Amino acid sequence: TVSSWGDSYGNRVDRFLATNAYLDGTKPSMIFQRGYYTRMAVTAYDWDGKTLSQRWYYNAATKGSECYGQGNHNVSAGDVDSDGKDEIIEGDCAIDHDGKFMYRTGKGHGDAMHLGDLSQVNPGLEVWEVHEDSPYGYDLHDAATGKILWSATSSGDNGRGVAADVDSTSAGYEMWSGANWNTYSSTGTVL
């Protein structure tokens, strides 16, 4: 039922995402998801050429817990903890290669994110995220731990943001947010 997805506002319960991820570090698995505004259910399947088999199923159905309400309009996969296996990055939360919850930032649903080695200061990968939920705004967080590296708030729904390495005089990537369209360095300095 609609109420089991925590939100009966419009079509928000019927949001679906998919990606591929190397969950075993060797062969791609298929990742399918329903929901990201509230409840989030994610499953991983493997295909061996003859048989389709479920690898794992993750269900964040409890408000305020794990990945509930922390998803995006997009999903990414990448080896964020350097174990040779891909994790599933949902925006403000992450699911490990084995389908177990990793972290949540608590910043809520976002419309746009970028995953990559965005900062030359923080080791590993980072997530650039803009927020549609209050307190709105944007942040750069560590993709393996969810630790917020820097953030700012905005006065309302911040649905757009991008990260790209376009300035050779600034280390790492540069970031923009629809909240104000300033250009930020990977350390959060306005350029």
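**Contacts, cores and pairs**

Mentor: Let us begin with a single residue, bearing in mind that this is a predicted model. Beyond its neighbours within four places in sequence, isoleucine 31 is in contact with Leu17, Ala18, Thr19, Ala21, Leu23, Val42, Thr43, Ala44, Trp56 and Ile88.

Trainee: Which residues of the largest nonpolar core touch the most other members?

Mentor: They are Ile31, Trp56 and Ile88, in a core of 18 residues. At least two residues of this core come from each of strand 1, strand 3 (40-47), strand 4 and strand 7 (93-95). Another core, of ten residues, lies apart from it, and includes Ala112, Leu118, Trp128 and Trp150.

Trainee: How should I read the pairing of strands in a sheet?

Mentor: In general, the strands of a sheet pair through backbone hydrogen bonds, and the arrangement is either parallel or antiparallel. Here, four strands make up an open sheet with antiparallel pairing, in the order 1-2-3-4. Strand 1 (16-21) and strand 4 (52-60) are at the edges with a single partner strand each, so one side of each has no neighbour in the sheet. On average, neighbouring strands of this sheet are turned by 20° against each other, direction ignored.

Trainee: How many bridges join strand 1 to strand 2?

Mentor: There are six bridges between strand 1 and strand 2 (residues 29-34), and the two run antiparallel. Within this pairing, threonine 19 stands opposite isoleucine 31 of strand 2; threonine 19 is also among the contacts of isoleucine 31.

Trainee: Is arginine 34 buried, partly exposed or exposed?

Mentor: Arginine 34 has a relative accessible area of 25%, and it is therefore partly exposed. This residue lies in strand 2. Not counting residues up to four places away in sequence, arginine 34 touches Trp5, Val13, Asp14, Arg15, Phe16, Arg39, Met40 and Ala41. For a distance across the model, take arginine 34 and methionine 102: they are 68 residues apart along the chain, and their C-alpha atoms are separated by 19 Å.

Trainee: What should I look for in a disulfide?

Mentor: A disulfide is a covalent bond that joins the sulfur atoms of two cysteines. A search of the whole structure finds one. It is formed by cysteine 67 and cysteine 93, whose sulfur atoms are 2.3 Å apart, and both cysteines are buried.

Trainee: Where do cysteine 67 and cysteine 93 lie?

Mentor: Cysteine 67 is in the loop between strand 4 and strand 5 (76-78), while cysteine 93 is in strand 7, so the pair ties together parts that are 26 residues apart in sequence. The torsion about the S-S bond is about 115°, so this disulfide is right-handed.

Trainee: How many aromatic pairs does a search of the whole structure find?

Mentor: The search finds seven aromatic pairs. In one of them, the rings of tyrosine 36 and tyrosine 37 have centres 5.3 Å apart and planes at 40°, so the pair is tilted. Tyrosine 36 and tyrosine 37 are both buried. Tyrosine 138 and tyrosine 184 also form a tilted pair, with 5.4 Å from centre to centre and 45° between the planes. Tyrosine 138 belongs to strand 11 (residues 137-142) and tyrosine 184 to strand 15 (residues 183-184), so this pair ties together parts that are 46 residues apart in sequence. Both tyrosine 138 and tyrosine 184 are buried.

Trainee: Which residues do ring pairs link into a cluster?

Mentor: The cluster consists of Trp128, Tyr138, Trp150 and Tyr184. Of these, Trp128 and Trp150 are also among the ten residues of the other nonpolar core.

Technical notes:
Residues numbered from 1 in each chain as written. Predicted model: local features only at pLDDT ≥ 70, side-chain atom pairs only at ≥ 80, totals over all residues. Heavy atoms only, no water. Pairing = 2+ DSSP bridges. Axes fitted to C-alpha atoms, helices over the stretch in contact; angles between N-to-C directions. Core = buried A, V, L, I, M, F, W, Y, C linked by side-chain atoms within 4.5 Å. Buried < 20%, exposed > 50% of the residue type's maximum accessible area, 1.4 Å probe, protein only. Contact = heavy atoms within 4.5 Å. Disulfide = S-S within 2.5 Å. Phe/Tyr/Trp six-rings, centres within 6.5 Å; stacked < 30°, edge-to-face > 60°.
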